[in-house]
Amino acid sequence: MHLTDIPFGVTTWADVPATEHPGERGVAVWRTRQFGAGPGGPVRVRMVEYSPGYLADHWCEKGHILLVLAGQLDTELADGRTFTLRPGESYQVADHAEAHRSSTEVGATLFIVD
């Protein structure tokens with residue numbers, strides 16, 4: 001990741017408009033900002049809330065750095081491995097490296113950079 005053309009700024013996430021993204025079950029609410037114009041395009045930064053019982057409706061191949069702020073996140077990889085993350089835990093995965101999808105029984109709040 002190459003961060004360029006990003007002046008210092010402060011984000012009040014509660015002021016960022018929310019968009020809803022239905023899953024196979026439940027809903028994800030995204031608050032999204034985009035910054036800079038690096039070689040791969042702008043950097044997307046999101047505060048995401050998954051409702052209790054959420055299950056993603058797709059296998060994701062986008063790279064992310066993801067930090068769990070609240071709740072519990074279950075991440076399944078296409079090869080069958082599963083990981084449970086709790087507040088203060090994170091994962092990172094490259095673009096097109098390992099397909100993954102998220103779910104949560106109790107809900108989760110995430111901070112994601114991609």
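User: Why is Val 106 called exposed?

Analyst: Val 106 has a relative accessible area of 57%, and a residue counts as exposed over 50%, as buried under 20% and as partly exposed in between, with a 1.4 Å probe and protein chains only, so Val 106 is exposed. This is a predicted model, in which local features need pLDDT of at least 70 and side-chain atom pairs count only at pLDDT 80 or more, while totals for chains, interfaces and linings use all residues. Residues are numbered from 1 along each chain as its sequence is written, and side-chain values use heavy atoms, with hydrogens and water left out.

User: Where is Val 106 found, and which residues is Val 106 in contact with beyond its neighbours within four places in sequence?

Analyst: Val 106 belongs to the loop between β9 and β10, where strands (E, at least two residues) and helices (H or I, at least four) are DSSP runs numbered from the N terminus. With contact meaning heavy atoms within 4.5 Å, and with neighbours within four places in sequence set aside, Val 106 is in contact with Pro 52, Gly 71 and Gln 72. Val 106 and Pro 52 are 54 residues apart along the chain, and their C-alpha atoms are separated by 4.5 Å.

User: How many helices and strands does the protein chain have, and how do you know that its radius of gyration agrees with a compact globule?

Analyst: The secondary structure comes to 0 helices and 10 strands. The radius of gyration is taken over C-alpha atoms, and the globule rule is 2.2 Å times the number of residues to the power 0.38; for 114 residues a compact globule would have a value near 13 Å, and the protein chain has 14 Å, so the two agree. Along the principal axes, the C-alpha atoms fill a box of roughly 40 × 30 × 25 Å, and buried residues make up 34% of the 114 residues.

User: Why is the pair of Tyr 50 and Tyr 54 called stacked?

Analyst: The ring centres of Tyr 50 and Tyr 54 are 4.1 Å apart and their planes stand at 10°, so the pair is stacked. Tyr 50 counts as buried at 12% relative accessibility, and Tyr 54 counts as buried at 5%.

User: How do you know that β4 is an edge strand?

Analyst: Two strands pair if DSSP finds at least two bridges between them, and 2 bridges join β4 to strand β9 (residues 100–104), the two running antiparallel. The open sheet of 4 strands has the order β4-β9-β6-β7, and its edge strands, β4 (54–55) and β7 (82–85), each pair on one side only. In β9, Thr 104 is the bridge partner of Tyr 54, and Ser 103 is that of Leu 55. β6 and β9 also pair in the antiparallel sense, over 4 bridges.

User: Is Thr 75 buried or exposed, and what is its bridge partner in β9?

Analyst: Thr 75, which lies in strand β6 (residues 73–77), counts as buried because its relative accessibility is 4%. Its bridge partner in β9 is Ser 102, and β9 is mostly covered, with 4 of its 5 residues buried.

User: What makes a set of residues a nonpolar core, and how many residues has the largest one?

Analyst: A nonpolar core is a set of buried Ala, Val, Leu, Ile, Met, Phe, Trp, Tyr and Cys residues joined through side-chain atoms within 4.5 Å. The largest has 15 residues, and those with the most contacts inside it are Val 48, Tyr 50, Leu 66, Leu 73 and Leu 110. The largest share of this core, 3 residues, comes from β10. Apart from it lies another core, of 6 residues, including Trp 13 and Val 113.

Key: Phe/Tyr/Trp six-rings, centres within 6.5 Å; stacked < 30°, edge-to-face > 60°.
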